Amino acid sequence: MTAIVDLEPAARRLARLVEGVPDRALGGPTPCRDYTVGDLVEHIGGAARSFRASAVKQPLGAARPGDASRLGPDWRTAIPRDLLAMAEAWKDPEAWAGMTGAGGIDLPGEVAGVVGLDELVIHGWDLARATGQPDGYDGPGLEAVHGMVSQLRAAGVEGIFGPPVEVAGERPLLERILGLTGRDPDWRPPA
């Protein structure tokens, strides 16, 4: 079994980022080509609920694309609460054992946990970069995320990430992960 990774630092960071999104930014672009900031925020909320359910072995159905029109009026408090509940659920060693599912796909618990962490880290960077908030993350689990993303790329798994972006030189691990997920670590919103 994969070592249990503490998702709480990444979840707390993403919760603060969600709380910091100004209303005027919701229609703005993100590094996720087809998502506005509002779409991304709604996707983050759905992912938090989905991966919490995955941890307690009650997986939800297939994931829907993010859609800002589904954001409730309390999204700035509900989504951070759901992110912290997700992280708390993954503290149970049983979450990492056996089979579960996420996004309509059956997965071993240890894979689902790292995929959940990937959601927190990568979409945290997406949201921070799109809204001008601090975008670095060097907390626990980056090596696990890098390993999982590298394995998916090597296996030729399609449809999860965009085409990889070459990240040259000795860039930080987060930037290399971003490149593997199809993000340009130098992306900035248009002026």
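## Exercises on a hairpin, a helix and a ring pair

M99 stands opposite P108 in strand β2. This is a predicted model, in which local features need pLDDT of at least 70, side-chain atom pairs count only at pLDDT 80 or more, and totals for chains, interfaces and linings use all residues. Residues are numbered from 1 along each chain as its sequence is written, and side-chain values use heavy atoms, with hydrogens and water left out.

**Exercise 1.** Find how strands β1 and β2 pair.

*Solution.* Start with the terms: strands (E, at least two residues) and helices (H or I, at least four) are DSSP runs, numbered from the N terminus. Two strands pair if DSSP finds at least two bridges between them. Here β1 (residues 99-102) and β2 (residues 105-108) are joined by four bridges in the antiparallel sense. Finally, look at the turn: two residues lie between the strands, and G103 has a positive phi near 65°.

**Exercise 2.** Check the length of helix α4 (residues 109-131).

*Solution.* The expected span is 1.5 Å times one less than the number of residues. After α4 comes G132, with a positive phi near 75°.

**Exercise 3.** Classify the ring pair of W90 and W96.

*Solution.* Rings of Phe, Tyr and Trp (its six-membered ring) pair if their centres lie within 6.5 Å; planes under 30 degrees apart are stacked, over 60 edge-to-face, the rest tilted. The structure holds one aromatic pair. The centres of W90 and W96 are 5.1 Å apart with planes at 70°, so the pair is edge-to-face.
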